[in-house]
Amino acid sequence: MGSLDRIWLGLAAIGGLLAVAMGAFGAHGMEDPQARQWLATGANYLMTHSLAVFAAAFVAAGGARLARLAPVLFLTGAAVFSGSLFAMAM
């Protein structure tokens, strides 16, 4: 496994950590029901994208050339979709 693949795995782990943290904050730290829903949805999207980055890193490490683009796209999607929901909640 190359260093780039390890970076993707690290970023997937950080995404998973942030998903759990934002989900917990939404469940226990927010009073506004709409903000809670946004945080829950954003955490769900972020966890799903993080798992996809994790899987794509292993596929790319196996030698699939086009799979090297997948982690970038999944992380971009996570930043756009989850980030916008987290920003609206705050």
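## Overall architecture

How many helices and how many strands are there in the protein? There are 3 helices and 0 strands, and read along the sequence they give the pattern α-α-α. Please keep in mind as you read that this is a predicted model.

Taken along the principal axes, the C-alpha atoms fill a box of roughly 45 × 15 × 15 Å. The protein has 90 residues, of which 33% count as buried.

## Helix 1 against helix 3

Let us start with a pair of helices. Two packed helices are described by the angle between their axes and the distance between the axes. Here, the axes of helix 1 (residues 3–29) and helix 3 (residues 70–89) come within 12 Å and cross at roughly 20°. Because angles under 35 degrees count as roughly parallel, helix 1 is roughly parallel to helix 3. The crossing of helix 1 past helix 3 is left-handed.

Which residues meet where helix 1 and helix 3 touch? From helix 1 come Trp8, Leu11 and Met22, and on the helix 3 side they meet Pro71, Val72, Leu75 and Phe86. By class, this contact has 7 nonpolar residues, with no polar and no charged ones.

## Aromatic pairs

Next, the rings. A pair of aromatic rings is described by the distance of the centres and the angle of the planes. The count for this model comes to 2 aromatic pairs. One of them is formed by Tyr45 and Phe81, whose ring centres are 6.5 Å apart and whose planes stand at 70°. Planes over 60 degrees apart count as edge-to-face, so that is the label for Tyr45 and Phe81. This pair links distant parts of the chain, with Tyr45 in helix 2 and Phe81 in helix 3, 36 residues apart. Tyr45 is partly exposed at 40% relative accessibility, and Phe81 is partly exposed at 46%.

Phe54 and Phe58 also form an aromatic pair, with 5.1 Å from centre to centre and 70° between the planes, and this pair is edge-to-face. Why are Phe54 and Phe58 separated by about one helical turn? The reason is that they sit 4 residues apart in helix 2. Phe54 has a relative accessible area of 40%, so it is partly exposed; Phe58, with 42%, is partly exposed as well.

## Two residues worth a look

Is His49 buried or exposed? His49 belongs to helix 2 (residues 33–61), and its relative accessible area is 17%. Since buried means under 20%, His49 is buried. Leaving aside residues up to four places away in sequence, His49 touches Phe74, Gly77, Ala78 and Phe81. Phe81 in that list is also the ring partner of Tyr45.

Leu17 has its place in helix 1. Its relative accessible area is 59%, and exposed means over 50%, so Leu17 is exposed. How far apart in space are Leu17 and Leu46? From C-alpha to C-alpha the distance is 9.6 Å, while in sequence Leu17 and Leu46 are 29 residues apart.

Terms used:
Residues numbered from 1 in each chain as written. Predicted model: local features only at pLDDT ≥ 70, side-chain atom pairs only at ≥ 80, totals over all residues. Heavy atoms only, no water. Helix = DSSP H or I, 4+ residues; strand = E, 2+ residues; numbered from the N terminus. Buried < 20%, exposed > 50% of the residue type's maximum accessible area, 1.4 Å probe, protein only. Contact = heavy atoms within 4.5 Å. Axes fitted to C-alpha atoms, helices over the stretch in contact; angles between N-to-C directions. Parallel < 35°, antiparallel > 145°, perpendicular 65-115°, else oblique. Left-handed = near helix turned anticlockwise from the far one by under 90°. Nonpolar A, V, L, I, M, F, W, Y, C, P; charged D, E, K, R; others polar. Phe/Tyr/Trp six-rings, centres within 6.5 Å; stacked < 30°, edge-to-face > 60°.
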